[in-house]
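Welcome! Please take a moment to look over the sequence and the model, and keep both at hand while you work.

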Amino acid sequence: MKGVSIEVGEVSKDASQRKGVARGLSIMDFILRIITAVATLGSALAMGTTNETLPFATQFIKFRAEFDDLPSLVFFVMGNAVVCGYLVLSLIISVFHIVRSAAVKSRILLVALDTVMLGLVTASASAATSIVYIAHNGNTGANWFAICLQYNNFCERISGSLIGSYIAAALFIILIMLSVVAISRN
């Protein structure tokens with residue numbers, strides 16, 4: 001009967017490599033959470049500070065476009081702000097995973113919460129995308145004209161803020177996959 005014995009105090013090479021991979025996944029999770037938080041914060045700030053007044057407005061009549069004129073854009077700002085707040089708070093758990101890479105229950109909690117936040121950021125970005133599409137192209141059936149012909153700066157900023165939100169959604173998918181891989185390795 002052949003057996004491999006490990007002396008007391010000796011760590012197997014396989015266990016050491018497994019711990020290193022788990023720590024690497026935890027560090028990557030931490031970095032991606034920071035990048036995703038920056039993307040959602042940037043999207044919320046870009047949309048929340050968007051307004052434009054047309055130059056041909058008179059003293060008594062002003063044509064002004066603001067994000068809070070449309071409820072879908074307000075939902076976009078609030079959704080991205082909530083997701084950014086969650087990501088900042090989840091950094092604490094991510095640091096815990098770097099220290100204790102074998103933790104499984106907290107990773108399962110993060111997968112569930114990340115999935116909910118992915119849904120929120122996707123829903124808010126989708127709602128804002130429909131408004132941005134109508135702003136750029138209009139809707140002849142409803143007799144809505146494209147406002148981007150007059151409000152160029154407004155449309156550029158709201159379109160740009162959508163990019164950050166969709167980047168955040170893609171990063172959430174990567175975060176969820178990383179967490180699932182880390183759980184399966186334990």
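Below are some exercises, each followed by a worked solution.

**Before you start**

This is a predicted model, in which local features need pLDDT of at least 70 and side-chain atom pairs count only at pLDDT 80 or more, while totals for chains, interfaces and linings use all residues. Residues are numbered from 1 along each chain as its sequence is written, and side-chain values use heavy atoms, with hydrogens and water left out.

**Exercise 1. Describe the protein chain through its buried residues, its contacts and its accessible surface.**

Solution. Step one is burial: buried means under 20% relative accessible area, exposed over 50%, and partly exposed in between (1.4 Å probe, protein chains only). Of the 186 residues in the protein chain, 37% are buried.

Step two is contacts, meaning heavy atoms within 4.5 Å. Take the contacts between residues at least 6 apart in sequence: 77% of these join residues at least 24 apart.

Step three is the surface, computed by the Shrake-Rupley method with a 1.4 Å probe; for residues, only the protein chains shown count as cover. The accessible surface of the protein chain is about 11000 Å², and carbon and sulfur atoms account for 68% of it.

**Exercise 2. Compare the "transmembrane region" annotation with the model.**

Solution. The unreviewed UniProt entry places this annotation on residues 30-50, 70-96, 108-135 and 163-183. UniProt positions are given in the numbering used here, feature names are shortened, and annotations may be inferred rather than shown by experiment.

Now check two of these spans in the model. Residues 108-135 are 100% helix and 0% strand, with end C-alpha atoms 41 Å apart. Residues 163-183 are also 100% helix and 0% strand, and their end C-alpha atoms are 30 Å apart.

**Exercise 3. Work out how α2, α3 and α4 are arranged, pair by pair.**

Solution. First, the tools. Axes are lines fitted to C-alpha atoms, for helices over the stretch in contact, and angles run from 0 to 180 degrees between N-to-C directions. Angles under 35 degrees count as roughly parallel, over 145 as roughly antiparallel, 65 to 115 as roughly perpendicular and the rest as oblique. A crossing is left-handed if the near helix is turned anticlockwise from the far one by less than a right angle, and right-handed if clockwise.

- Helix α2 (residues 71-99) and helix α3 (residues 105-137) have axes 9 Å apart and an angle of about 160°, so α2 and α3 are roughly antiparallel. Their crossing is left-handed.
- The axes of α3 and α4 come within 9 Å and cross at roughly 160°, so these helices are roughly antiparallel too. Here α3 passes α4 in a left-handed crossing.
- The axes of α2 and helix α4 (residues 152-185) come within 12 Å at a crossing of roughly 40°, so α2 and α4 are oblique to each other. This crossing is left-handed.

To see where α2 and α4 meet, look for L73, F76, N80, V83, Y86 and L87 in α2, which face F154, S161, L162, S165 and F172 in α4 as contacts.

**Exercise 4. Where do S106 and A128 sit, and what do they touch?**

Solution. Begin with S106, in helix α3. Its relative accessibility is 18%, so S106 counts as buried. Leaving aside neighbours within four places in sequence, S106 is in contact with I93, F96 and H97.

Next comes A128, which is also in helix α3. With a relative accessible area of 0%, A128 is buried. Apart from residues up to four places away in sequence, A128 touches S72, L73, F76 and L162.

**Exercise 5. Is L25 buried or exposed, and which residues does L25 touch?**

Solution. Locate L25 in helix α1 (residues 13-48). L25 has a relative accessible area of 14% and is buried. Not counting residues up to four places away in sequence, L25 touches L178, V181, A182 and R185. L25 and V181 are 156 residues apart along the chain, yet their C-alpha atoms are separated by 8.4 Å.

Note on methods. Helices (H or I, at least four residues) and strands (E, at least two) are DSSP runs, numbered from the N terminus.
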